[in-house]
Amino acid sequence: MAIPTSRFVYFAFVVCSLAVIVSNKSVSAQCQGDVQGLMEQCARYVQKSGPKIQPSGGCCGVVKNVDLPCVCNHITVEVESVISMEKAAFIAQACGKPLAHGSQCGSYIVP
């Protein structure tokens, strides 16, 4: 099954953008859990393009063990330009670790 080139390039861009978060020492040092695993396992579910889809077990396993409010505090405008914060909140909810109503993740306010 061939992956369209534009979709692959976009996915690579999302992964690289999320890598900026992971490479930021303050995020890895300050936030508990596997922040890199979050990027690796969940990147495809937070892409701006496409529908909301249920996350994989691997993604949920990482979500359940990472300090999401801490990660949210480190979301930059650059990261928000390539990922859907609404989908990120959906993934947290779907994995059984919802973000608190009214809390902020990057510039996104959780309804």
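Student: Which cysteine does a disulfide join to C60?

Tutor: This is a predicted model: local features need pLDDT of at least 70, side-chain atom pairs count only at pLDDT 80 or more, and totals for chains, interfaces and linings use all residues. Residues are numbered from 1 along each chain as its sequence is written, and side-chain values use heavy atoms, with hydrogens and water left out. A disulfide here is a pair of cysteine sulfur atoms within 2.5 Å. At S to S 2.1 Å, the partner of C60 is C95.

Student: How many residues apart in sequence are the parts that C60 and C95 tie together?

Tutor: Helices (H or I, at least four residues) and strands (E, at least two) are DSSP runs, numbered from the N terminus. C60 lies in helix α4 and C95 in the loop between α7 and β1, so the parts tied together are apart by 35 residues.

Student: Is C72 buried or exposed?

Tutor: Buried means under 20% relative accessible area, exposed over 50%, partly exposed in between (1.4 Å probe, protein chains only). C72 has 7% relative accessibility, so the residue counts as buried.

Student: What is the handedness of the disulfide of C72 and C105?

Tutor: The sulfur atoms of C72 and C105 are 2.0 Å apart. The torsion about their S-S bond is about -80°, so the disulfide is left-handed.

Student: Where does C70, the partner of C31, lie?

Tutor: A disulfide joins C31 to C70, and both are buried. C31 lies in the loop between α2 (25-30) and α3 (35-42), whereas C70 lies in helix α5.
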